[in-house]
Amino acid sequence: MILFITIGGIVGTLARYFVQGWLQARPAVGAFPIGTLAINISGSLIIGFVMRLATGSTLISPETRGALTIGFCGAFTTMSTFSYETIVLLTDGEYLRAGMYAGGTVIGCLLATVLGIGLASRML
Amino acid sequence: MHHRFKGERTLMRIFIGESDKYGGQPLYQAIVEKLRHDGYAGATVLRGVSGFGASSTLHTDKVLRLSLDLPIIIEVVETEEAIEKMLPALDEMIGGGLITLERARVIMYRPANVRPSQEELHRIEGLEPERDK
């Protein structure tokens, strides 16, 4: 189990690094943390999908489940980066952006998880 | 023949964890395959959403960290002798868990495709035969 979680974690961390890097480098983006927002939302979608599929069937073994959720999603998404970026926006006086970012993250991630669960339910 | 399976039998319930392994495969799968290989009447595997057992660790699908080893129950209905024959192998295959035995009365045990000539034998015990109008 530990091995599976570790491998998932390594893949998730690297995926986050490269996806964030690619997204933030898009010319239109600027200083808004769209990279973190996108990975947190997509990670929430993935975890909802995987957990619903896993607990509703025996298609995903406990080890694979651990690798994909605790490992990959746990490493791919990031609460600490989100917290840091929100606080920086606030301390810089960008209250609207901070509000949009925080609200967008919370609502977006919750909706994404619901969507992921829904997609998996459709499959079952 | 299947209809001879009706009557007083024993229901065995095996409670184990979803992560338990035997010989590189999931334990519940290994047990079901052994039962099938040894010609038992049947087995059904159910997954519980939450529970705890001898080691008192709570497992639940509500918390991710606790959802990795959800409860699995294998139910087997067989004659008492057949169940007892299985126990040494189960003792060897199962690490931690719970096994219970109950009395059960089988009133129907039939395959999906019963020949018309056999229908009488396979009717659920206690049901009156349909009368012709």
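Helices are taken here as DSSP runs of H or I with at least four residues, and strands as runs of E with at least two, each numbered from the N terminus. On this basis, chain A of the predicted model contains 5 helices and 0 strands. Read along the sequence, the chain has the pattern α-α-α-α-α. Its C-alpha atoms occupy a box of roughly 50 × 30 × 25 Å along the principal axes. Of the 124 residues in chain A, 39% are classed as buried. When contacts between residues at least 6 apart in the sequence of chain A are considered, 74% of them link residues at least 24 apart.

The largest nonpolar core comprises 24 residues, and the most contacts inside it are made by A:Ile46, A:Phe49, A:Val50, A:Phe72 and A:Cys73. Two or more residues are contributed to this core by each of helix 2 (34–55), helix 3 (62–76) and helix 5 (95–123) of chain A. Helix 2 of chain A provides the largest share, 11 residues. Once neighbours within four places in sequence are set aside, A:Ile46 is found in contact with A:Cys73 and A:Gly116. Another core, lying apart from this one, has 11 residues, including B:Ile14, B:Leu27, B:Ile72 and B:Val77.

In chain B, an open sheet of 4 strands is present, with the order 4-7-1-8 and antiparallel pairing. In general, the strands of a sheet pair through backbone hydrogen bonds, in either a parallel or an antiparallel arrangement. Strand 4 (44–47) and strand 8 (98–106) of chain B form the edges; each has a single partner strand, so one side of each lacks a neighbour in the sheet. From one strand to the next, the twist averages 25°. The antiparallel pairing of strand 4 with strand 7 (residues 71–78) of chain B extends over 4 bridges. Opposite B:Arg47 stands B:Ile72, in strand 7 of chain B; B:Ile72 is also among the residues of the 11-residue core.

Two helices of chain B lie across strands of this chain. Helix 1 (residues 27–37) of chain B lies across strand 1 (7–17), strand 4 and strand 7, and runs at about 10° to strand 7. Helix 2 (residues 80–93) of chain B lies across strand 1, strand 7 and strand 8, and runs at about 20° to strand 1.

The buried residues of helix 1 of chain B include B:Leu27, B:Tyr28, B:Ile31 and B:Leu35. Viewed down the axis of helix 1 of chain B, its buried residues fall within an arc of 100° and therefore line one face of the helix. On the other side of helix 1 of chain B, B:Arg36 and B:His37 are exposed. The cover over the buried residues of helix 1 includes strand 1, strand 2 (21–22), strand 3 (25–26), strand 4, strand 7 and helix 2, all of chain B. Helix 1 of chain B is followed by B:Gly39, which has a positive phi near 80°.

A positive phi also occurs in a residue other than glycine, B:Ser56, where the value is near 60°. Most residues other than glycine have a negative phi. B:Ser56 is located in the loop between strand 5 (50–51) and strand 6 (59–60) of chain B. With 6 other C-beta atoms within 10 Å, B:Ser56 is exposed, because a residue with 12 or fewer such atoms is assigned to that class.

Terms used
Residues are numbered from 1 along each chain as its sequence is written. Chains are lettered from A and ligands numbered from 1 in the order in which they are written. This is a predicted model: local features need pLDDT of at least 70, side-chain atom pairs count only at pLDDT 80 or more; totals for chains, interfaces and linings use all residues. A nonpolar core is a set of buried Ala, Val, Leu, Ile, Met, Phe, Trp, Tyr and Cys residues joined through C-beta atoms within 7 Å. A residue is buried if 20 or more other C-beta atoms lie within 10 Å of its own, exposed if 12 or fewer, and partly exposed in between; C-beta atoms are placed from the backbone. Two residues are in contact if their C-beta atoms, placed from the backbone, lie within 7 Å. Two strands pair if DSSP finds at least two bridges between them. Axes are lines fitted to C-alpha atoms, for helices over the stretch in contact, and angles run from 0 to 180 degrees between N-to-C directions. The arc is that of the directions from the helix axis to the C-beta atoms.
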